[in-house]
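I opened a new notebook page for this model. My plan was to go from the whole chain down to single side chains.

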Amino acid sequence: MVNISWPELLPAGLLAASFSQKPQSNVIRTSMDAGPAKTRRRYTAKTILFTGKQIFDAAELVVFEQFYTHVLADGVLRFNFMDPITEEIGVFRFTDEPTTVDADGLFAVSMQLERL
């Protein structure tokens, strides 16, 4: 765990209907002059990419933007967040800038996160 946690003023996790996960490849494959390729694990633990959305009202959007910009230093720092599948707290970081779309007074924020 790290010292930074997802703000309590914001909804926890990602919307179940909007998220997807993709484990990152953890295998290095090296071709040999003869015979089958050699393979090995790149890391002892692989990362998993999550893509999903969260819906915020105007006040929550301000809290989210301040959290992302100031607390996470524009998404550079790691933070504790609820895993959308296991619903356990894990260490995550943003892999890309969040995208915000106005949806009739509410704001749909798309996020790309990496579980470490």
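**Ground rules.** I worked on a predicted model, where local features need pLDDT of at least 70, side-chain atom pairs count only at pLDDT 80 or more, and totals for chains, interfaces and linings use all residues. Residues are numbered from 1 along each chain as its sequence is written, and side-chain values use heavy atoms, with hydrogens and water left out.

**Entry 1: layout.** I looked up the elements and found 1 helix and 8 strands. I took helices (H or I, at least four residues) and strands (E, at least two) as DSSP runs, numbered from the N terminus. Their order from the N terminus is β-β-β-β-α-β-β-β-β. The radius of gyration is 17 Å, well over the 13 Å of the globule rule for 116 residues, so the protein is more spread out than a compact globule. That radius is taken over C-alpha atoms, and the rule is 2.2 Å times the number of residues to the power 0.38. Along the principal axes, the C-alpha atoms fill a box of roughly 65 × 30 × 25 Å. I noted that 28% of the 116 residues count as buried. Buried means under 20% relative accessible area, exposed over 50%, and partly exposed in between (1.4 Å probe, protein chains only).

Entry 2: Next I turned to α1, residues 58-71. Its 14 residues reach 19 Å from first C-alpha to last, close to the 20 Å expected at 1.5 Å a residue. The expected span is 1.5 Å times one less than the number of residues. Which residues of α1 are buried? I found Leu61, Phe64, Phe67 and Tyr68. They sit on the same side of α1, because they cover an arc of only 125 degrees around the axis. The arc is that of the directions from the helix axis to the C-beta atoms. On the other side of α1, Ala59 and His70 are exposed. The cover over the buried residues includes β4 (48-56), β5, β6, β7 (99-103) and β8 (106-115). At the N-terminal end, Asp57 caps α1, with a side-chain oxygen 3.2 Å from the backbone nitrogen of Ala59. After α1 comes Ala73, with a positive phi near 55 degrees.

**Entry 3: aromatic rings.** I counted rings of Phe, Tyr and Trp (its six-membered ring) as paired if their centres lie within 6.5 Å; planes under 30 degrees apart are stacked, over 60 edge-to-face and the rest tilted. The count comes to 13 aromatic pairs. One of them is Phe81 with Phe92, edge-to-face at 5.4 Å centre to centre and 80 degrees between the planes. This pair links distant parts of the chain, with Phe81 in β5 and Phe92 in β6 (residues 89-94), 11 residues apart. Both Phe81 and Phe92 are buried. Ring pairs also link a cluster whose members include Trp6, Phe50, Phe64, Phe81 and Phe92.

**Entry 4: Asn80.** I found Asn80 in β5, residues 79-82. Buried or exposed? Asn80 counts as buried, because its relative accessibility is 7%. Its side chain makes a polar contact with the side chain of Ser5 at 3.2 Å. For a polar contact I needed a pair of N or O atoms within 3.5 Å; within protein, one must be able to donate a hydrogen and the other to accept it, and residues adjacent in sequence count only if both atoms are side-chain atoms.

**Entry 5: Asp83.** Asp83 lies in the loop between β5 and β6. Asp83 is buried too, with a relative accessible area of 5%. A polar atom of the Asp83 side chain lies 3.2 Å from the backbone nitrogen of Thr86.

Definitions and conventions. Contact = heavy atoms within 4.5 Å.
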